[in-house]
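Subject: Handover of a structure and the findings made in it

Dear colleague,

Please find below the structure that I am handing over to you. The notes that follow it set out what was found, element by element.

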Amino acid sequence: MIQIIKITLLEGMFAENAWDCTIEIPIDHSLAELHQAVQNAVGFDNDHMFEFCIANSYRSRNCQKYQCDDDAIFQITVGRILEQSKGKKLYYMFDYGDSWLFQLTRSRKKQFNADPEVFYPRVISENGSKPIQYPDWEE
């Protein structure tokens, strides 16, 4: 089954413009695969640590975290984390230095069967300007 997820940029070191996109991703994909889908959608290099967090606020003391060096990243599926996040918010933090924070939101549209002609995950819509991970600094 395929789930539609909206990825919204909340903040980041060089986040100058609003940006979001919507992806389709199989619910049996792992959090590691969801991480890679976000990286591909935003166009970042996969060169820093990351984590997923379920809470009312990313900075909540009650944040349930799944960090990149935790084996759970490869075991927990997209479907499972979306179920766990019901009534709360799901956040994705990338690069603790530049603090790229995204909110992942499940679409209200029902899950659907995968189209065998389509490669998932895929971006189906995008709004705003993608953030630049490493801007060129003029001297």
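Two strands are said to pair if DSSP finds at least two bridges between them. In this model, which is predicted, strand β5 (residues 89-94) and strand β6 (residues 100-106) pair in the antiparallel sense over 5 bridges. Within that pairing, Phe94 stands opposite Trp100 in β6.

The sheet

The two strands belong to an open sheet of 7 strands, in the order β4-β3-β5-β6-β1-β2-β7, with antiparallel pairing. Its edges are β4 and β7 (122-128), each of which pairs on one side only. On average, and with direction ignored, neighbouring strands of the sheet are turned by 25 degrees against each other.

With β2 it pairs in the antiparallel sense over 7 bridges, and Ile7 has Cys21 in β2 as its bridge partner. With β6, strand β1 pairs in the antiparallel sense over 6 bridges; here the bridge partner of Glu11 is Leu101 in β6.

Helix α1 covers residues 31-42.

How many residues of α1 are buried? The count is 9 of 12, and α1 is thus described as mostly covered. Among the buried residues are Leu31, Leu34, His35, Val38 and Val42. An α-helix has 3.6 residues a turn, so residues three or four places apart point the same way. After α1 comes Gly43, with a positive phi near 80 degrees.

The cysteines

A search of the whole structure finds 1 disulfide. It is formed by Cys53 and Cys63, whose sulfur atoms are 1.5 Å apart. Cys53 lies in strand β3 and Cys63 in the loop between β3 and β4 (64-67), so the bond ties together parts that are 10 residues apart in sequence. Both partners are covered: Cys53 counts as buried because its relative accessibility is 0%, and Cys63 counts as buried at 14%.

Cys21 is itself buried, with a relative accessible area of 1%. Cys68 is likewise in no disulfide, as the nearest cysteine sulfur, that of Cys53, is 14 Å away.

A buried glutamate

Glu51 also deserves a note. It is placed in strand β3 (residues 50-55). Is Glu51 buried or exposed? Its relative accessibility is 2%, and therefore Glu51 counts as buried. The side chains of Glu51 and Tyr96 are joined by a polar contact of 3.2 Å. With neighbours within four places in sequence left aside, the residues in contact with Glu51 include Tyr58, Lys65, Tyr66, Tyr91, Met93 and Tyr96.

Backbone exceptions

Most residues other than glycine have a negative phi, and most peptide bonds are trans. The following places depart from that pattern.

- Asp95 is not a glycine, yet its phi is positive, at about 65 degrees. It sits in the loop between β5 and β6 and counts as buried, because its relative accessibility is 5%.
- Ser99, also not a glycine, has a positive phi of about 50 degrees. Its place is again the loop between β5 and β6, but Ser99 is partly exposed, with a relative accessible area of 23%.
- The peptide bond from Tyr120 to Pro121 is cis, with omega near -5 degrees. Pro121 is located in the loop between β6 and β7.

Yours sincerely

How values were computed. Residues numbered from 1 in each chain as written. Predicted model: local features only at pLDDT ≥ 70, side-chain atom pairs only at ≥ 80, totals over all residues. Heavy atoms only, no water. Helix = DSSP H or I, 4+ residues; strand = E, 2+ residues; numbered from the N terminus. Buried < 20%, exposed > 50% of the residue type's maximum accessible area, 1.4 Å probe, protein only. Polar contact = N/O pair within 3.5 Å; in protein donor to acceptor, adjacent residues only side chain to side chain. Contact = heavy atoms within 4.5 Å. Disulfide = S-S within 2.5 Å. Expected span 1.5 Å × (residues − 1). Axes fitted to C-alpha atoms, helices over the stretch in contact; angles between N-to-C directions.
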